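User: I have a structure open here and would like to go through it with you. Could we begin with one of the helices?
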Amino acid sequence: MRVYFGVCGVGLGHVGRCIPVAKKLIARGDETLFSTYNDACDYVNHEDIPFIEAPPIYFAVKNSGEVDFRQTTVYPGAFSLIIFFNQVNAEIKYMRSFRPDIVVSDSRASTITAAKLLGLPIIVILNLYRAKIPRERRFLRLARIADGGILTVVGRVWNLGREILIPDFPEPYTISLESLRIPRPYRRLVKM
């Protein structure tokens, strides 16, 4: 089996949970290819797993680990959509070359979009189904618009997978409950 991993490259958490899965697949004779960017490239390379460096997407993070909404909207701001489409285009090219049997996306909407356009089966791994935009007094209206619009679109992209795997405990022990408010019609896709 040929398994394509599209993994968020911000930090090491996403790639850190996908590498053990890839190693198990490789040990049983399957072929894997990672598509990632930023911090994750060195990690995948160090683990000697084949990878392709994807066009990066940036978002600003505060020292607490929260997304810095103000800084993220400043850079890259209006160019985010162009960057996203560049990533989708690159993912399509990589997938056509690798010819995977299945695509695993760890928090990468571009990987899901590309796989869907190519008609490939998709497994989605998420620790946040719904990102929570911090409510700063100065940006309250903008945060509400983002919650209502952009995050709704991203939420719909997550639902394009055959399954949504969430590395968390089932209720009532769920750690990230606030960010895992999954609409009822899509709960059947979720595996904790």
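User: Which exposed residues sit on the face of helix 2 turned away from its buried side?
Analyst: That face carries Asp42 and His46. Exposed means over 50% relative accessible area, buried under 20%, and partly exposed in between (1.4 Å probe, protein chains only). Helices (H or I, at least four residues) and strands (E, at least two) are DSSP runs, numbered from the N terminus. This is a predicted model, in which local features need pLDDT of at least 70 and side-chain atom pairs count only at pLDDT 80 or more, while totals for chains, interfaces and linings use all residues. Residues are numbered from 1 along each chain as its sequence is written, and side-chain values use heavy atoms, with hydrogens and water left out.

User: And which residues of helix 2 are buried?
Analyst: Ala40, Cys41 and Val44 are buried in this helix, which spans residues 39-46. Seen down the axis, the buried residues fall within an arc of 105° (taken from the directions from the helix axis to the C-beta atoms), so they line one face of helix 2.

User: What do they pack against?
Analyst: They pack against helix 1 (13-27), strand 2 (31-36) and strand 3 (51-53), where contact means heavy atoms within 4.5 Å.

User: New topic: how many salt bridges are there?
Analyst: A search of the whole structure finds five, each a side-chain nitrogen of Lys or Arg within 4 Å of a carboxyl oxygen of Asp or Glu. One of them joins Glu91 and Arg108 at 3.1 Å, N to O.

User: Is Glu91 buried or exposed?
Analyst: Glu91 is buried, at 0% relative accessibility, and Arg108 is buried at 2%.
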